[in-house]
Amino acid sequence: IITDPDTTLLNDPVFGGQTPALAINNTGGIVPGEQSLHFLRNPPTISSATTITLAVGSPGIGVSQFQLTLFDIDNGAGQFEDQITVTGSLSGSSVPVTLFTSTSNSASGNVVTGNAGSTPTQANGNMTLQFSASVDRVTIVYGNGSGAPADPGNQGIAIYDVNFCLPTAAVLSAQKTLTVFDPFAAGLYAVPGNDVIYSIVFTNSGNGPADNDSVVIIDSMPSEVEFFNGDIDDGGPLSDPVIGIDSGSALTFSFGSDARFFDGPIQPANFAACNYTPSAGYDPNVTFICLNPKGIMAAGAPDPSFEIQFRARIK
């Protein structure tokens, strides 16, 4: 999508006709020259800008390692001062960008400004932008810096070599462990009559996020234990029978809506099928605990994870 509110984009018969136009004249120093998308504009004021918006990938998923190069970002010595502002986002949330400049431009934050002259066939005005995290929208605002005259002259850039990786699916794994519930450090053992805390940690080791609200865990209760439907730490800082702990996953967990139970012998088909209401205290009838933390489970490095804890008594 190109937004040009002041109708600044010009026809350039030498560089391919009405711009934006594909042309081989803007080469950025590449030999032999290759096609790039050329923009030529004549802004009426220093504040006039043309906005280029790229929607990439599926909304909310986007693409990873997005990269493109711009040619001829330079300074026209009293005629113009090219200035590029780059933003990227995923589901409306900002994603940081890395800018690689050349000798005729420099970067400050997400803004690149021309500081010396260049020509369309030189590499001096090249600039490459890169998003390491996934994006589904990239916006490039092309205007002038504060050093341009009030009525700038003709100025031009070109977009070249757009690259990105398709996102991969989330890769989830889970590990279940237990520790003896021993709040007073009495040295208790995992023997009948004592309680244990179960911990289920699930991790996304893939390069893509999980779909919204798609993470569901249905865990079988061992026949040797009975679920504790009460304050998991007996008056400590926690209060619910099941708790969630986030480690960079962006998931949230609410016991009232995201934990359910089942009392049948066969695993329920889905979260909605978990329809048993446990009695207060220890309930031996709970055979499955069903968990559905909310949100889009993030991907990244280190691998994001989320932990679920609940308590049971050894029979």
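Are phenylalanine 227 and phenylalanine 310 buried or exposed? Please also set the pair in the context of the chain.

Analyst: This is a predicted model. Phenylalanine 227 and phenylalanine 310 are both buried. For the chain as a whole, buried residues make up 45% of the 315 residues.

Now the geometry. The model holds 9 aromatic pairs. Phenylalanine 227 and phenylalanine 310 form a tilted one, with 6.3 Å from centre to centre and 50 degrees between the planes.

Across the chain, contacts between residues at least 6 apart in sequence join residues at least 24 apart in 73% of cases.

Phe227 and Phe310 belong to one aromatic cluster with Tyr198, Phe255 and Phe261.

Two arginines also meet rings. The charged end of arginine 311 sits over the ring of phenylalanine 181, 4.0 Å from its centre. That of arginine 313 sits over the ring of tyrosine 282, at 3.7 Å from the centre.

Last, the whole chain. It has 24 strands and 1 helix. Its radius of gyration is 29 Å, well over the 20 Å that the globule rule gives for 315 residues, so the chain is more spread out than a compact globule. Its C-alpha atoms fill a box of roughly 85 × 40 × 35 Å along the principal axes.

Technical notes:
Residues numbered from 1 in each chain as written. Predicted model: local features only at pLDDT ≥ 70, side-chain atom pairs only at ≥ 80, totals over all residues. Heavy atoms only, no water. Phe/Tyr/Trp six-rings, centres within 6.5 Å; stacked < 30°, edge-to-face > 60°. Buried < 20%, exposed > 50% of the residue type's maximum accessible area, 1.4 Å probe, protein only. Lys NZ or Arg CZ within 6 Å of the ring centre and 35° of its normal. Helix = DSSP H or I, 4+ residues; strand = E, 2+ residues; numbered from the N terminus. Rg over C-alpha atoms; globule rule 2.2 N^0.38 Å. Contact = heavy atoms within 4.5 Å.
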